[in-house]
Amino acid sequence: MRAPSMIAVFFSSIVCISAASRATTVDHHEFDAWLEAPFHADAHGARTLALHFSVPDPQPGDTLRWRLALLAPDGRTLRGWRGAHLMAEPDHDVTLRWRAPSTLRHGIYRLRLRASAGASPTVEQTWNVMVGKSPAPMASLLAPKAVDTFPYAVYLGNLHSQTNHSDGGGALDHCTGAQAPQSAALGPTDAYAYAQQHGLDFLMTSEHNHMYDGSDGTNNAADPTAAKALYQSGLQAAAAWNQAHPGFLAIYGQEWGVINHGGHLNILNSEELLGWERNALDELIADTESPKGDYAFLYKLMRERGWIGQFNHPQGDQFVILGKPLAWNADGDQAMVLCEVMNSSAFSARSDETETHLSNYETACNKLLEAGYHVAFSSDQDNHCANWGASYSNRTGVLMPPDTPLDGPGLLAALRNRRVFATMDKNARLVLTANGHLMGERFVNRGKLTLQADYANSSGHGAAAVTIFQGVPGRNGMVAVLANTARSIVKPAAGDHFYYARVTQDDGKMLWSAPIWVTQQGRNRAQQSIELR
């Protein structure tokens, strides 16, 4: 590989445009940045990179700063672009026309966007791109048939969406973003029917816990009895749907918290509405009080109640405990089972699975894993329009024993065991094993460790790349690449480790296995050695 200074990258002038403002509710008051990067170059050997930035309610003097980097397969920075603009409007788009030079070796590279606006934290988005000719499909190096030999059934669904019980349910013919709370026409039953008709095995409607008063702020005139009754009606609607429609699982729950100085997480199995808001009579507008932004309190409550949760679209400044973002907490480690590694636009109105606004949260999920959380990767859609599960082809995949019915207890058991993978392609599967132990497991090992990624795709796509990553829970360091092969044999150093696999298909779509957590016994604390197969 030539040194970065020797690589010439050509691109056209930057084009900046303003677009209609996106959601500006308090709940979604956040800086957003995303990157659209075609996996393959066009017929001319170039590609158009689109950078999108959104700042709800920009303040005078807010400056957008962004940096885009081309990363080599080994992580080195090969080329960079940057820009700074005053955010006079809520939205700002940048277009780059980029042609990779002929001196760049063929292979898969990564484009990493980092951006901030005003005092907002930095948002990071990273996507793969293919430079030059595609490599031969790696399906033969994986084990597509092995996926079907595991004694588990695979169910695919969406664990993050909204209806008119909060700020979702907007009809597709006029939905452009979040709805005013409880104003839309379509509710949980409509969502379950739509998702089942579009081939999903399960759908969770996760309503914002602080919108049961019918307000994005605090409704001083709210009736707590009505708010609690609405939540109970959602639980009853899911139960009734499941009784009448075996083979599909309806899940009703809540998305707790706010994004602005907070962080959203889903609670999947709570029969109690949680909240912090009070009306003018000082009545709690919820069943159970949970102080706003107090994640230590919430995790403790979740552990005591037996509730499980998912970190939704995590960013590096969220889920703060004692001033530390993404802070590990023993109660939280028991309660939180999933981390949303990617999703499609929350405000997409597409119903043909072709949404292009996609967000990647692998960096934050890796930080949670390095902090010590035992979470598997999930991939959801956060639908606010009435396109539940249909805006893109991504799904959360769950493995369940074939003799276990697809019901609430069965799914919750699978999630607690982290038998989960995240996929951008609903036709693809990915399973990781270590010495025969299935992803999601925690076990003690002595001697060598054989890691095997098994991938299959029923629609004809193959794997262009497979990467196995390694990390150390509680180290609060960096997740690193262990190997770029589907099978590797390692001799870990003594202590705790986790490993997970990521597959990139020949169309650029990715899959993530759940991690496997290994406690290696032995006296050797030297750096692990690796054998590749």
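The model is predicted, so local features need pLDDT of at least 70, side-chain atom pairs count only at pLDDT 80 or more, and totals for chains, interfaces and linings use all residues. Residues are numbered from 1 along each chain as its sequence is written, and side-chain values use heavy atoms, with hydrogens and water left out.

## Inside the protein

Let us start with the nonpolar cores. A nonpolar core is a set of buried Ala, Val, Leu, Ile, Met, Phe, Trp, Tyr and Cys residues joined through side-chain atoms within 4.5 Å. Here "buried" stands for under 20% relative accessible area, "exposed" for over 50%, and "partly exposed" for values in between, using a 1.4 Å probe and protein chains only. The largest core has 69 residues, and Leu51, Phe53, Trp66, Leu68 and Leu265 touch the most other members. Another core lies apart from it and has 50 residues, including Phe202, Met204, Met400 and Leu482.

## Rings that meet

How many aromatic pairs does a search of the whole structure find? There are 14 aromatic pairs. To pair, rings of Phe, Tyr and Trp (its six-membered ring) need centres within 6.5 Å; planes under 30 degrees apart count as stacked, over 60 as edge-to-face and the rest as tilted.

Phe31 and Phe53 are stacked because their planes are at 5 degrees, with ring centres 6.5 Å apart. Phe31 sits in the loop between β2 (15–17) and β3 (32–36), while Phe53 belongs to strand β4 (residues 46–54), so the pair ties together parts that are 22 residues apart in sequence. The strand and helix names come from DSSP runs, numbered from the N terminus: helices are H or I runs of at least four residues, and strands are E runs of at least two. Phe31 has a relative accessible area of 8%, so this residue is buried. Phe53, at 0%, is buried too.

Phe469 and Tyr500 also form a stacked pair, 4.9 Å from centre to centre and with 20 degrees between the planes. This pair links distant parts of the chain, with Phe469 in strand β26 (residues 463–471) and Tyr500 in strand β29 (residues 495–505), 31 residues apart. Both Phe469 and Tyr500 are buried.

One aromatic cluster is formed by Trp256, Trp276, Tyr295, Tyr299, Phe311, Phe319 and Tyr373.

Rings can have charged neighbours as well. A charge sits over a ring if NZ of Lys or CZ of Arg is within 6 Å of the ring centre and within 35 degrees of the ring normal. Arg79 lies over the face of Trp81, 5.4 Å from the ring centre, and Arg442 lies over the face of Trp517 at 6.0 Å.

## Two disulfides

The structure holds two disulfides, each being a pair of cysteine sulfur atoms within 2.5 Å.

| Disulfide | S to S | Angle about the S-S bond |
|---|---|---|
| Cys175 and Cys385 | 2.0 Å | -80 degrees, left-handed |
| Cys339 and Cys365 | 2.0 Å | -90 degrees, left-handed |

Which parts of the chain does the link of Cys339 and Cys365 join? Cys339 is in strand β17 (residues 336–344) and Cys365 is in helix α6 (residues 362–371), 26 residues apart. Cys339 counts as buried because its relative accessibility is 0%, and Cys365 is buried at 0% as well. Cys175 and Cys385 are both buried too. Counting bonded cysteines along the chain, the disulfides follow the pattern 1-4, 2-3.

## The largest pocket

Rolling a probe the size of a water molecule over the atoms shows where empty space is left. The largest pocket has a volume of about 1,100 Å³. On a 1 Å grid over the protein atoms alone, a pocket is an open set of points where a 1.4 Å probe fits, with protein on both sides within 12 Å along at least five of seven lines; lining residues have an atom within 4 Å of a point. Grid points are joined across faces, edges and corners, and a volume is the space filled by probe spheres set on the points.

Of the 38 lining residues, Pro73, Arg110, Phe469, Val481 and Arg502 lie nearest the pocket's centre. β8 gives the most to this lining, with six residues.

His261 is not a glycine, yet has a positive phi of about 60 degrees. His261 lies in the loop between β12 (249–256) and β13 (265–267), and is exposed because its relative accessible area is 76%. Asn435, also not a glycine, has a positive phi of about 50 degrees. Asn435 is found in the loop between β22 (428–434) and β23 (437–438), and counts as partly exposed at 36% relative accessibility.
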